[in-house]
Amino acid sequence: MDVITTHSNADFDGLASMVASRKLFPEATLVLPAGAQEAVRNFLAVHDLKDVDLSQVTRLVLVDTQEPDRIGALKSCIENSAVEVVVFDHHPEPDSACAGRSKQSVIESVGATTTLLIEQLRRRHIPVTPFEATVMALGLYEETGSFGFSSTTSRDLEAGAFLVAAGGDLNMVADVLHRPLDPDAVALLNDFLEHSDVHYLEGRKVLVATSTIDRCRGEAAGVVQRLAELQAVDAVIVVVMMTDRVEVIGRSRRPEIDVGWIAREFGGGGHAVAAAATVKGQTLAEVKERVVRLLTTQYRPTLLAQDVMTCPVKAIEVETSVTEAGQRMTAYGLNVFPVLDENDHYAGLISRESIQKALFHRLGKMAVRDIMQTDAYIAQPDTPFHEIETAMIERNQRFVPIVRDATIVGVITRTDLLRTLHDDVLKVARMRTMRPNEADAEIGGPRRNVKGLLRSRLPHHLVTLLEDVGHVADRCEVRIFVVGGCVRDLLLGIKNLDLDLVVEGDGIAFARTLGDRLHAKVKIHERFGTAILLLPDGFKLDVATARTEYYEYPTALPTVEQGSIKKDLYRRDFTINALAVRLNGKGFGDVLDFYGGQRDLNDKVIRVLHGLSFVEDPTRVFRAIRFETRFGFHLGKDTAALIAGAVKMNLFQRLSGHRLLEELKLLLGEREPKQAIKRLAELNLLKFIHPKLSWSDRLDRLMSALEEAVDWYRLLYLDRKMDVWLVYMMGLLELLPERAVKDMLKRFPFSEQEATRLKMARVGCHNMIRRLASKRSLTPAEVYHLLSGLSDETLLILMAKSKGETVKRQVSAFLTTYQHVKPIVTGMDLKAMGLKPGPQFKKILDQLLAARLNGEVKTEAEERRFLHQLVQAQGRCVKDRKQDITDEMPRIG
């Protein structure tokens with residue numbers, strides 16, 4: 001006799017797995033060993049244990065469990081060596097006594113046991129009915145949180161697709177799994193909320209709640225799941241007092257918080273993300289106390305100082321003067337410096353408060369060794385995070401040096417502490433105030449892993465490349481990140497394959513090591529601490545050392561020094577560009593967001609990182625407008641005010657023509673330059689391109705015409721390169737007086753070719769338009785003669801500036817047809833006809849091209865006849881000319 005069973009208090013994954021197993025073992029009897037959750041009982045009636053004679057069982061199929069203690073009296077079947085035991089479970093357990101009892105067992109890490117059974121059915125081509133597909137979908141959707149739990153795999157998604165194709169009723173799934181709580185369940189949930197405490201485990205939040213309400217025993221597990229979702233914590237463990245026992249139920253959103261381990265300590269079972277236990281002979285208070293003790297004292301630390309610390313560290317020497325220390329604090333934007341002795345060993349800390357007090361007392365020349373703090377708490381890289389948290393709170397210490405063998409290797413600040421503990425708080429608060437459609441588009445909170453996004457939005461070979469980079473970084477013992485625009489566009493769903501890597505440490509040394517590993521050519525820029533790797537397939541990879549920078553004076557180029565990833569991101573222009581993704585193996589895909597970049601992506605805001613951003617680098621203003629128009633974002637209130645302040649300070653006049661031109665090229669090269677130019681005008685910035693430049697109806701019309709011409713060109717030539725920025729620069733110069741144009745050409749370092757084209761657009765276009773628009777219709781050959789040799793940019797400005805359709809049609813005809821017309825007969829054919837090479841070749845071929853353009857000749861035969869007639873005519877002309885010369889010679893008598 002075959003029996004299929006699952007764990008006590010069965011959930012839908014257990015039930016669905018039983019139904020699927022019945023398809024593999026058609027003669028088997030379905031048995032619930034000790035009841036099921038109420039929702040399961042209401043959905044499907046199955047055989048009760050009393051209907052089964054255990055002595056007749058020859059094969060026992062266990063689904064969604066491997067623990068004998070969780071199957072009631074059926075445990076005796078496992079103890080009987082004559083009974084074959086087949087296991088289907090999605091949580092491997094190394095010490096399981098059941099795992100090796102049958103070759104048919106399947107125990108693999110996926111999101112649901114149902115997935116494993118569906119794969120077996122598909123492999124054996126066993127069909128399922130729509131009702132069976134619906135039951136299986138219930139188990140799959142419940143166990144994976146509708147594919148939202150971190151344990152979900154691609155195999156679960158494939159299983160879901162199979163069930164939908166088989167006719168699974170998702171409306172029924174939604175009705176069953178997301179039904180409203182009944183009054184008893186609401187009362188239980190409310191009791192949990194009123195009697196709950198949050199405990200912090202290595203930066204993770206675990207909610208421990210208790211209740212004495214026992215009116216909805218079968219619903220407790222569902223209420224616990226709702227509680228976890230409502231409180232947005234990483235794990236929930238509840239202790240419920242029943243009439244004759246205490247129930248412990250755990251749910252975890254993160255496998256590293258193993259609630260199964262807690263349940264097993266109470267004699268129960270389950271797995272890392274869902275578990276339960278029944279305790280007898282103890283009070284509610286005793287069980288809760290033990291749960292808390294297990295969590296806080298025996299739980300194995302998962303987060304260490306090295307996982308949280310900021311590195312490398314800016315430090316000063318013990319002999320540094322107070323005045324210099326204060327200046328360096330200001331330059332680097334720091335409030336505390338570690339102090340190093342003569343051997344570069346950690347000696348103490350110096351704070352801004354101490355520096356300011358010393359300066360107040362006119363002690364600027366004093367060495368910092370005389371006022372530094374030497375008794376501050378320090379930690380090692382492997383110090384558990386919770387110990388550092390406790391020390392910082394008890395000592396009111398905001399800055400903890402991380403020291404290895406007397407050498408400082410990192411620091412943990414109050415900001416690091418709070419971010420590690422409470423990264424989720426801002427996201428939760430935001431999600432509660434968002435409308436449903438906004439929540440669907442939510443980009444993510446500060447603590448986020450985008451491994452799935454990387455794999456879905458980047459080509460497979462690039463994901464493999466990034467994983468290889470992370471492995472090399474692990475071997476080199478450095479931390480490495482992909483940063484900037486690639487991360488921003490990844491979160492926005494925009495294609496961007498420009499990968500910029502930042503290394504905390506020696507970026508050049510890492511680039512050389514990585515180059516050897518990838519067989520890539522490495523180009524080093526020692527001055528900037530950067531390198532470019534050219535891979536064998538032609539792909540380029542930029543590698544940089546994490547840097548910090550400061551500016552000697554407004555608009556100066558920055559002074560750059562090695563720094564941490566946090567400082568490297570802080571030097572960037574806007575929060576949306578100050579994002580990084582970790583590539584090291586342990587945290588591959590983790591997002592680093594110190595400055596609210598993800599929040600600003602959600603809010604569609606362009607925001608600078610600090611109030612002096614535009615003072616230090618005014619070109620960032622042009623970048624702000626570029627990103628604003630590209631993404632459809634808006635300037636943050638403070639950022640707009642800072643731009644207005646930069647305009648009043650007249651900082652843009654100090655910019656070199658080269659730096660300003662580079663930003664203008666990028667801005668005018670965007671998809672909608674007209675909007676960007678208009679935005680420059682609104683922010684009173686056009687005058688810094690030239691004082692005579694301003695927004696007007698005429699400029700508006702010209703920019704609109706240019707946009708139409710450029711869009712038409714892009715549709716016409718998808719792969720043809722054209723300098724769009726130059727077209728719009730021609731348009732701007734069109735509205736300036738002659739003297740202003742000369743000033744522009746003098747200030748901005750245009751190349752010789754660019755300057756020539758700008759002058760042509762300014763001076764030559766008017767005459768060209770007049771000739772093209774003449775009353776006499778021009779032949780195609782005449783149009784070709786006028787327009788050949790002009791750049792595509794000049795042709796587009798011609799189209800935009802012309803008011804009539806005649807010029808536009810002629811330019812369009814030239815671009816689409818005339819410029820591609822070539823005679824079939826070549827110079828080689830002329831030589832074969834007996835003509836000697838010389839100036840006459842070009843003249844003859846030009847005449848042939850004109851005839852071809854005008855439709856006078858269409859085939860090679862017609863071309864040859866045309867050439868023959870042309871050569872004969874020229875021959876007669878030559879003969880007549882010779883006779884004229886002979887007649888004019890004086891006769892000799």
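**An enclosed helix and its surroundings**

In α34, the buried residues are Asp792, Glu793, Thr794, Leu795, Leu796, Ile797, Leu798, Met799, Ala800 and Lys801; buried means under 20% relative accessible area, exposed over 50% and partly exposed in between (1.4 Å probe, protein chains only). Helices (H or I, at least four residues) are DSSP runs numbered from the N terminus, as are strands (E, at least two). Because 10 of the 10 residues of α34 (residues 792–801) are buried, this helix is largely enclosed by the rest of the structure. Its buried residues pack against α29 (697–716), α30 (724–734), α32 (752–772), α33 (780–787) and α35 (805–816), a contact being heavy atoms within 4.5 Å.

The model is predicted: local features need pLDDT of at least 70 and side-chain atom pairs count only at pLDDT 80 or more, while totals for chains, interfaces and linings use all residues. Residues are numbered from 1 along each chain as its sequence is written, and side-chain values use heavy atoms, leaving out hydrogens and water.

The largest nonpolar core has 125 residues, and Phe510, Leu541, Leu685, Met729 and Leu787 have the most contacts inside it. Such a core is a set of buried Ala, Val, Leu, Ile, Met, Phe, Trp, Tyr and Cys residues joined through side-chain atoms within 4.5 Å. Helix α30 gives the most to this core, with 9 residues. A second, separate core of 38 residues includes Val86, Val128, Leu140 and Ala166.

Arg488 is found in helix α20 (residues 485–492) and counts as buried at 5% relative accessibility. Not counting residues up to four places away in sequence, Arg488 touches several residues, including Ile576, Asn577 and Phe627.
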